[in-house]
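This report walks through one chain, element by element. Keep the structure open while reading.

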Amino acid sequence: MPSQQKYDVVSEIKQTLDDAKGGVFLIDYRGLTVIEMATLRRSLHEVGGDLRVYKNRLVQIALRENALPAMDELLLGPSAFVFIAEEPVASAKVLAKFAKDHEALEMKGGLVQNEVIDNAQVKALSKLPSREELIAKLLGTLSNPSRGMVTVLSGVSRGLVTVLDAVAKGKESEPAPQGEPEDEAEAA
């Protein structure tokens, strides 16, 4: 019969899964030192990820009770779970960079938007621009047509001002017209 402690852990996992709107990644952490795990945990925490270690069987129960897809093929061997509060791209980038520097870390896959993804898809996520970068690019793209329109419209008034200025300078530099004296015009 399961102990109360296991029921409590399953409840905790279920709540953590509910809070992980960005999803969850699974990693194999065998071979990492305690210091390396602490460094990884800190790096993930900075981008909204939460690294925890649970028994695979308890996670399977929590997934089933939360009506989430089963990840049985990923839940083999020791697993650490990265629960993602918001955006999965930032956490995927941290994991990919850490795995590059520490060969012992192996990404297994994860669960993003209620779909099971594999190691290759986690790596693909790590190569995407962040949400903030995408928003900046979108705003730049949206502002380009209006910026072009302002440039075109201001070009017409700028041209008019330039022509008027040239005409005014031309009038200033022209000598005043000299006519014949009135007396001479009458004499002729």
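How many of the ten residues of α3 are buried? Seven of them are, and α3 is mostly covered. The model is a predicted one.

## Helix α3 and its cover

The buried residues of α3 are Asn56, Leu58, Val59, Gln60, Ile61, Ala62 and Leu63. Several elements take part in the cover. They include α1 (4–19), β3 and β4.

After α3 comes Ala67, with a positive phi near 55 degrees. Ala67 sits in the loop between α3 and β3.

## The sheet

Five strands make an open sheet in the order β2-β3-β1-β4-β5. The pairing is antiparallel. At the edges are β2 and β5 (115–118), each of which pairs on one side only. Direction ignored, neighbouring strands are turned by 20 degrees against each other on average.

Strand β1 (residues 23–28) runs antiparallel to β3, and five bridges join the two. Leu26 has Phe81 of β3 as its bridge partner. Helix α2 (residues 34–46) lies across β1, β2 and β3. Its direction is about 145 degrees to that of β2.

## Aromatic pairs

How many aromatic pairs does a search of the whole structure find? The search finds three. One of the pairs is Tyr54 with Phe81, and this pair is tilted. The ring centres lie 6.4 Å apart, with 40 degrees between the planes.

## Packing of α4 and α5

Two packed helices are described by the angle between their axes and the distance between the axes. Here the helices are α4 (residues 88–101) and α5 (residues 119–126). Their axes come within 7 Å and cross at roughly 105 degrees. An angle from 65 to 115 degrees counts as roughly perpendicular. The two helices are therefore roughly perpendicular to each other.

Which residues make the contact? From α4 come Pro88, Val89, Ala92, Lys93 and Ala96. From α5 come Val122, Leu125 and Ser126. By type, the contact residues divide into six nonpolar, one polar and one charged.

Most residues other than glycine have a negative phi.

Where is Asn114 placed? Asn114 lies in the loop between β4 (106–112) and β5. Are these two residues buried or exposed? Ala67 is exposed, with a relative accessible area of 69%. Asn114 counts as exposed too, at 54% relative accessibility.

Definitions and conventions:
Residues are numbered from 1 along each chain as its sequence is written. This is a predicted model: local features need pLDDT of at least 70, side-chain atom pairs count only at pLDDT 80 or more; totals for chains, interfaces and linings use all residues. Side-chain values use heavy atoms; hydrogens and water are left out. Axes are lines fitted to C-alpha atoms, for helices over the stretch in contact, and angles run from 0 to 180 degrees between N-to-C directions. Helices (H or I, at least four residues) and strands (E, at least two) are DSSP runs, numbered from the N terminus. Angles under 35 degrees count as roughly parallel, over 145 as roughly antiparallel, 65 to 115 as roughly perpendicular and the rest as oblique. Contact means heavy atoms within 4.5 Å. Ala, Val, Leu, Ile, Met, Phe, Trp, Tyr, Cys and Pro count as nonpolar, Asp, Glu, Lys and Arg as charged, and the others, Gly among them, as polar. Rings of Phe, Tyr and Trp (its six-membered ring) pair if their centres lie within 6.5 Å; planes under 30 degrees apart count as stacked, over 60 as edge-to-face and the rest as tilted. Two strands pair if DSSP finds at least two bridges between them. Buried means under 20% relative accessible area, exposed over 50%, partly exposed in between (1.4 Å probe, protein chains only).
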